[in-house]
Amino acid sequence: MSYIPCTEDDKREMLRTIGADSIEALFQDVPDAVRLRRPLDLPAPLSEPELLAEMERLAGENRSLDRNICFLGAGAYDHFVPTAIDALISRQEFLTAYTPYQPEISQGTLTAIFEYQTMISELTGLPVANASLYDGGSALAEAALLAVLTTGKDEILIASSVHPESREVLETYTKFRNLKVREIDYRNGLVDLEDLKTKLSDNTAAVIVQNPNFFGRIEHLEEIGKIVRTSKALFVASVDPISLAILKSPGECDVDVAVGEGQSLGNSISFGGPYLGFIAAREKLLRKLPGRIVGQTKDIDGKRGFVLTIQSREQHIRREKATSNICSNQGLCALAATIYLTLMGKEGLKKVATLSLQKANYAREELLKTGKFEEVFPGPFFKEILLRSTEPVAALNKRLLEQGIIGGLEIERYCPDLKNGWLLALTEKRTKAEIDRLVRLAGG
């Protein structure tokens, strides 16, 4: 292997140092039956130009969003990512930064996290937010554990209109903690309030809903909150951060903990990750939040500075005292979200949300006119619409893909009762011409 800079003399010197006769002797404890006695089945080496050409060929087999029009959402969205974001997050001081253990040499990283926390707090209408979590699903599960820790209860109610993958993550988190997870039914695509009233009990630690929900529908958070307040449970809402530019914030709807996926805030889809999860809460829950929180202070000279104020990670305190053991900060993704929110500002974010809403409504109206689709759950929605197709969705999506269009989610894979359900996502990137082309091809 000529690419390893280790000469025969180097090998002999290392073997002599560790007291081994040969490299073969290093593997004597590995049973012969499981050892490979032939060369690896790898292609011959390539020169640099040959390698680049091969990698480009392989990459060309992917269906990239540069060459295809995307109407697929369900948790990952094709929003516009300003060019400035990649330029800024690629700066060396950000690219190589890790946990800011020493504030005196980490002021840049700490400042960025503080700004991120501030923006998430303003978006959600809740006073405290931590450094980001792994993704939206894990943030939801962490909120459930926070509720269990706070209330001392062991039952979690989660709406069946919450994204199924988030519900799976919650199931994984709670499986070996002796916690009970029960699902609240939906009616007409929204949380069934009567079912919630029936299942809510003195043993409920948290009621978790998603808004807009998995079907794109806008839940009645205030009504749900009034029901939750009849118990000692915490009210948790998983929200789309873009939607918060035009919808009431969780704080305005009496939500205790708001969580969500931050991918749409300046992060590319990137084949499913890495993403970031955000979590914000009422001030009384400050010390129960997972991970860490950056706070503002003054140094010995009275100058403004930033430090890790709350550090409830097992890397910082005793493992058994930690609020969570799975709470690494997705620093670079959170930085991208911070830059995105800064570039957009309040009016820019509102415009992104408004355009997404308007284009989703236009697509819905035009698709219904074709006679090939019907609305599954009539009522207010944000940027996703659920329609029922007259043809199998798998066949419809295959037909569209041949024309360079990535169609909506075949929702029947997750909800068998919604046969031929087609969940379409419309972001501000989709043009009228693209939507009209979708309508023409899907309805033809």
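At what angle do the axes of helix α11 and helix α12 cross? I looked this up in a predicted model. The axes cross at roughly 125° and come within 10 Å. Helix α11 covers residues 393-401, and helix α12 covers residues 432-442. The angle makes α11 oblique to α12. I also checked the hand: the crossing is right-handed.

Next I listed the residues in this contact. From α11 I noted Leu-396, Arg-399 and Leu-400. They meet Leu-438, Leu-441 and Ala-442 in α12.

I found Glu-122 in helix α5, which spans residues 107-124. Is Glu-122 buried or exposed? Its relative accessible area is 57%, and the cut-off for exposed is over 50%. Glu-122 is therefore exposed.

I read a relative accessibility of 48% for Leu-149. Leu-149 therefore counts as partly exposed. Which residues does Leu-149 touch, leaving out those up to four places away in sequence? I noted Lys-288 and Thr-323. I also looked up Leu-149 against Ala-112. Their C-alpha atoms are 29 Å apart, with a sequence separation of 37 residues.

Key:
Residues numbered from 1 in each chain as written. Predicted model: local features only at pLDDT ≥ 70, side-chain atom pairs only at ≥ 80, totals over all residues. Heavy atoms only, no water. Axes fitted to C-alpha atoms, helices over the stretch in contact; angles between N-to-C directions. Helix = DSSP H or I, 4+ residues; strand = E, 2+ residues; numbered from the N terminus. Parallel < 35°, antiparallel > 145°, perpendicular 65-115°, else oblique. Left-handed = near helix turned anticlockwise from the far one by under 90°. Contact = heavy atoms within 4.5 Å. Buried < 20%, exposed > 50% of the residue type's maximum accessible area, 1.4 Å probe, protein only.
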